[in-house]
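This briefing is meant for a reader who is meeting the structure for the first time. Please keep the sequence and the 3D view open while going through the points below.

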Amino acid sequence: MYSLQIENLTKRYRHDVVVDDLSFTVQPGRVTGFLGPNGAGKSTTMKILLDLASASRGRATFGPTRYRDLDDPTRTVGVVLEPNAFHPGRSGRNHLRILADGAGIDPARIEQVLEMAGIAYAADRRVGAYSLGMRQRLGIAAALLGDPPVLVLDEPGNGLDPQGIRWLRDLLRARAAAGGLVFVSSHLLAEVEHLADEVVVISHGRLVATGSLSTLRKAGVSVHTPEPRPLTRILTDAGAAVHAAPGGRLVVRGLPIAEIGDRACAAGIALHELAPEAGSLEELFLDWTDADKPAGAPAAAAKAPNEPQTEVVPL
Amino acid sequence: MTWPRLVRGELRKLTTTKLPWGFLAVLILFAGIDAAVVVWGTDMDGSKTFISTAEDQQSLMAFAFNAMLGTGLFGAIAVAREYGHNTVVPMFLTSPKRSRAVLAQLTAVLLGGAVLGLVGQALIISGVALALPSTAYGFLVSAGNVTQLLAASTLAGATGAVLGAGLGAAIRNLGGAATAVVLALFMLPPLAVQLFNDAASWIPPTLGGVISGVSTEVTLWAAIAALLAYGLVPAAIGLLAVQRRDVV
C-alpha cells in the first residue's frame with residue numbers, strides 16, 4: 001500500500017512563494033480532503049506530486065518513490081487534474097483508447113470504466129458536445145482506467161449533478177474502504193464534510209491544519225463571559241480564532257480548553273461557561289484560512305480541546 | 001516495451017481527429033490544381049512546352065518542398081494543440097519520463113508527415129498522369145524518377161512534420177507555432193539568401209528540388225543531410241524545452 005508524503009515542499013515562481021515548506025502525509029484506507037482557498041497552492045502541490053511541475057525545494061512522493069520513478073504510473077495512481085484536458089473533436093471512447101494504448105491497458109477495461117462512470121451511452125460522441133459533468137465523469141473514468149490503488153483528484157465534483165456527486169462519493173468511499181488512498185481537493189466544503197475522513201488544509205501555500213475531520217470538528221470551545229472584549233483580545237493575542245456566537249457566547253478555536261481557562265483566570269476574567277463545541281467544516285475552514293491572518297499563524301492550529309493530540313497536528 | 005505503446009497512442013491521437021483529413025483534402029486540391037495546370041496552362045507563347053520533356057514534367061510534379069511546408073504545419077498543429085487542449089497532462093501522466101513521451105510524439109508525427117508527403121506526391125503524379133492525355137504529350141517521367149519523387153516527398157514530409165512538432169513543443173501556442181513554421185521555411189530562407197548568396201543552395205526549396213532530382217545545386221546526400229538538420233534542430237529544441245518546463 002502506498003502512502004503519499006509531502007516533505008518540506010516549496011515552490012517559487014520568481015518572487016512568489018506558491019507552496020511554502022509544506023509537509024504532510026496521506027495514508028491509505030482513508031479519504032483525505034485537501035482544502036484551501038483559491039490560490040492556496042493545492043493544484044500546484046498536486047502538480048509537483050505528479051511531476052508536472054518541479055519543486056524549488058522538498059519532496060513529494062508515493063511511499064519512497066517519485067511519480068516519475070513509479071514502475072507503472074497509470075496502474076498506480078489515477079489522476080483528475082484538468083477538467084477540460086480533452087480534444088473536443090475526439091470521442092470519449094477514443095480519449096480512453098489513447099490512454100489505454102499508452103499504458104498498455106486491455107481495451108476491455110475501457111467499456112468497464114465507461115459503464116462505471118455512467119457515460120457509456122455517450123462514449124462515441126465528440127467530447128466537445130459533453131456537458132461539464134460528463135467531461136468530469138470522463139476524467140474520472142480515465143483515472144480509473146488502470147484500476148490504481150491511489151487516486152489524486154483535483155475538484156472532481158465540479159459540474160456534477162446531485163446524482164453524480166452521490167456516485168462520486170460512493171465510489172471514493174468504496175475505494176478507500178478497499179484499502180486505497182484517496183486524496184481529493186475540493187472547495188465544496190459540504191461535500192468534503194460528507195466524504196472525507198481526514199483533511200489537509202493549506203492557506204497561502206502553508207499547512208494550517210491536518211488531521212481527522214471528526215477530531216478537528218470538535219476543536220472549538222464555547223465560552224460565556226461577562227467581559228467578552230478583553231477576553232477576546234487576550235485569546236487572539238495567544239493565537240486563537242475567536243468569534244461571537246448567539247447568546248453572547250464566544251467560540252474559540254486554536255487553543256486547548258485548559259489554556260483558555262488558565263488565561264482567563266490569569267487576567268481575572270470571570271467565565272460562566274467553558275465547554276467543547278463542535279463546528280461545521282465551513283466555520284473551521286474560515287477560521288483556518290482567514291485572509292487577515294499571516295500564513296501559518298498559530299491561530300489556525302486545530303487543537304482538540306478535550307482529546308488527545310495524536311490525530312491532529314498542531315501548527 | 002513502453003515506447004511502442006506510446007507511439008501507438010500518439011498515432012491514435014493523430015487519427016482520431018479531423019486534422020489528417022483536412023490535410024488530405026488540401027493535398028487533393030493541390031493535385032487538382034496541378035492537373036488543371038496541365039490541361040489549361042500554357043507558356044507565354046501559348047505552347048505547352050512546360051510539359052514537353054520528362055525533366056519538365058518531373059519539375060512540375062516535384063512536391064517535396066510543398067510537402068515539407070504542409071507537414072510542418074501539420075506537425076506544429078498536432079503538437080501545439082496538445083498544450084492548447086491540455087491533453088499534454090494525461091500524456092505526461094501516462095509517461096512521466098517526458099523524453100519518452102515526446103520522442104513517441106515526434107515519431108508518430110514523423111510517420112504522419114511521411115504518409116502525407118507520400119500520398120500528396122502520389123496524388124499529384126496521378127493528377128498529372130490523368131491530365132496529360134488531354135494534351136499532345138504523354139507521361140514521359142521514368143519509373144525510377146517517379147520513385148525518386150515519391151521518396152523525396154516522403155522524406156521531406158517526415159522532416160517537415162518533425163520540424164513543426166519541434167516548434168510546436170517549444171512554442172506551445174498554435175498560432176505562434178504555425179507562424180514559426182512559415183517563417184522558418186518560407187520567409188527566412190529568402191532573407192538569408194539576400195544576406196549570404198551561398199545560402200541559396202541550402203534553403204528548403206532548393207534542397208527539395210535536389211532530392212526530387214530536378215536540381216543539382218548540391219549533392220543528393222548533402223541535401224538529405226541538410227534537410228534532416230532542418231527537422232532535427234527544432235525537434236531537439238522542443239525536446240529540451242519540454243524537459244525543463246512545468247506543465248501549467
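In this predicted model, helix H9 (residues 204-211) and helix H10 (residues 220-244) of chain B cross in a left-handed sense. Their axes lie 9 Å apart and the angle between them is about 135°, so H9(B) and H10(B) count as oblique to each other.

**The contact of H9(B) with H10(B)**

- On the side of H9(B), the contact is made by Pro204(B), Leu207(B), Val210(B) and Ile211(B), while H10(B) contributes Leu220(B), Ala223(B), Ile224(B), Ala226(B), Leu227(B) and Tyr230(B).
- The residues of this contact divide into 10 nonpolar, no polar and no charged.

**The contact of H4(B) with H9(B)**

- Helix H4 (residues 64-84) of chain B also packs with H9(B), their axes coming within 7 Å and crossing at roughly 125°, which makes H4(B) oblique to H9(B).
- Here Ala64(B), Phe65(B) and Met68(B) of H4(B) meet Pro204(B), Pro205(B), Gly208(B) and Ile211(B) of H9(B), and these residues divide into 6 nonpolar, 1 polar and no charged.
- Pro204(B) and Ile211(B) take part in the contact with H4(B), and Pro204(B) and Ile211(B) are also listed in the contact of H9(B) with H10(B).

**The contact of H1(B) with H6(B)**

- The axes of H1(B) and helix H6 (residues 98-131) of chain B come within 8 Å and cross at roughly 50°, and H1(B) and H6(B) are therefore oblique to each other.
- The crossing of H1(B) and H6(B) is right-handed, whereas that of H9(B) and H10(B) is left-handed.
- From H1(B), the residues that meet H6(B) are Thr2(B), Trp3(B), Leu6(B), Val7(B), Glu10(B), Leu11(B) and Leu14(B), and their partners in H6(B) are Arg100(B), Ala101(B), Ala104(B), Gln105(B), Thr107(B), Ala108(B), Leu111(B) and Gly112(B).
- This contact holds 9 nonpolar, 4 polar and 2 charged residues.

**Chain B as a whole**

- Chain B has 10 helices and 0 strands, and its pattern along the sequence is accordingly written α-α-α-α-α-α-α-α-α-α.
- With a radius of gyration of 19 Å, close to the 18 Å that the globule rule gives for 248 residues, chain B is as compact as a globular protein of that length.
- The C-alpha trace of chain B spans about 60 × 40 × 30 Å along its principal axes.

**Where chain B touches chain A**

- The contact between the two chains involves 23 residues of chain B and 28 residues of chain A.
- On the side of chain B, two or more residues come from each of helix H1 (2-15) and helix H5 (88-94), and the largest share, 6 residues, comes from H1(B), the helix that also packs with H6(B).
- The residues on this side of chain B divide into 8 nonpolar, 8 polar and 7 charged.

**The domains of chain A**

- Chain A is divided into domain 1 (4-203) and domain 2 (215-311), whose C-alpha centres lie 35 Å apart.
- How many residues of each domain are in contact with the other? In domain 1 of chain A there are 10 such residues, and in domain 2 of chain A there are 7.
- Helix H7 (189-195) and strand S8 (198-203) of chain A each supply at least two residues of the side of domain 1 that touches domain 2, and the residues of that side divide into 6 nonpolar, 2 polar and 2 charged.

How values were computed: Residues are numbered from 1 along each chain as its sequence is written. Chains are lettered from A and ligands numbered from 1 in the order in which they are written. This is a predicted model: local features need pLDDT of at least 70, side-chain atom pairs count only at pLDDT 80 or more; totals for chains, interfaces and linings use all residues. Helices (H or I, at least four residues) and strands (E, at least two) are DSSP runs, numbered from the N terminus. Ala, Val, Leu, Ile, Met, Phe, Trp, Tyr, Cys and Pro count as nonpolar, Asp, Glu, Lys and Arg as charged, and the others, Gly among them, as polar. Axes are lines fitted to C-alpha atoms, for helices over the stretch in contact, and angles run from 0 to 180 degrees between N-to-C directions. Angles under 35 degrees count as roughly parallel, over 145 as roughly antiparallel, 65 to 115 as roughly perpendicular and the rest as oblique. A crossing is left-handed if the near helix is turned anticlockwise from the far one by less than a right angle, and right-handed if clockwise. Domain bounds come from an automatic or database domain assignment. The radius of gyration is taken over C-alpha atoms; the globule rule is 2.2 Å times the number of residues to the power 0.38.
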